[in-house]
Amino acid sequence: MEAERLVATGRHALAESRTALDIVAEAWQAQALAQAIGSHLALHGPLELRSEARGLSEIGGGRGTIDHPALRGGGPRAAQLTEVGDARAALTALGALLGEVGIALVGVACATDEEGLYWQCIEAIDAADEAGDRVSGMLRRLAVRERDRPPDAARGRAGPRPA
């Protein structure tokens with residue numbers, strides 16, 4: 001499945017989450033998706049993104065997000081990732097998802113009296129924040145690449161702009 005579609009599915013699932021544990025599970029789903037998108041871009045993405053993408057693929061802690069207990073029910077949605085068609089659009093959508101996850105987790109952490117859940121939220125907030133920073137860095141690199149790209153010679157000619 002295409003990355004943007006998986007991100008949209010994750011955003012919808014997060015919005016539909018009604019319990020604290022559902023929100024935590026969706027947070028780890030989002031983290032697994034960030035790792036998968038990072039892995040894909042590290043192998044197939046633009047050269048200037050590959051190092052940062054590799055870093056994104058490694059975020060999530062010692063045991064790894066894919067193995068997180070919150071994902072054991074249905075497994076990671078990220079396993080369905082088959083392509084990242086438009087890196088900029090996918091990263092923009094992923095950044096928005098990670099921001100929404102962070103906000104939802106802060107709400108859960110502030111509302112819980114359970115110490116274990118609180119620390120799970122803190123761990124997930126840290127992972128989402130770090131992933132969001134990597135995504136922002138990758139978007140900046142794409143912007144620099146586009147800004148520094150030499151003008152297309154065909155655009156200087158009369159007639160319609162090439163697609």
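1. Start with the nonpolar core: the largest one has 45 residues, and Ile 37, Leu 91 and Leu 94 have the most contacts inside it. A core here is a set of buried Ala, Val, Leu, Ile, Met, Phe, Trp, Tyr and Cys residues joined through side-chain atoms within 4.5 Å, with buried meaning under 20% relative accessible area (1.4 Å probe, protein chains only). Two or more residues come from each of α1 (3-16), α2, α3 (50-57), α4 and α5 (115-148); helices are DSSP runs of H or I, at least four residues, numbered from the N terminus.

2. Bear in mind that this is a predicted model, where local features need pLDDT of at least 70 and side-chain atom pairs count only at pLDDT 80 or more, while totals for chains, interfaces and linings use all residues. Residues are numbered from 1 along each chain as its sequence is written, and side-chain values use heavy atoms, leaving out hydrogens and water.

3. Have a look at Leu 94. Leaving aside residues up to four places away in sequence, Leu 94 touches Val 7, Ala 30, Ala 34, Ile 37, Leu 56 and Val 135 (contact is heavy atoms within 4.5 Å).

4. Next, the α2 and α4 pair. The axes of α2 (residues 20-44) and α4 (residues 87-111) come within 10 Å and cross at roughly 155°, the axes being lines fitted to C-alpha atoms over the stretch in contact, with angles from 0 to 180 degrees between N-to-C directions. The two helices are therefore roughly antiparallel (over 145 degrees).

5. Over in α3, the buried residues are Glu 52, Ala 53, Gly 55, Leu 56 and Ser 57. They pack against α2, α4 and α5.

How values were computed: Angles under 35 degrees count as roughly parallel, over 145 as roughly antiparallel, 65 to 115 as roughly perpendicular and the rest as oblique. Buried means under 20% relative accessible area, exposed over 50%, partly exposed in between (1.4 Å probe, protein chains only).
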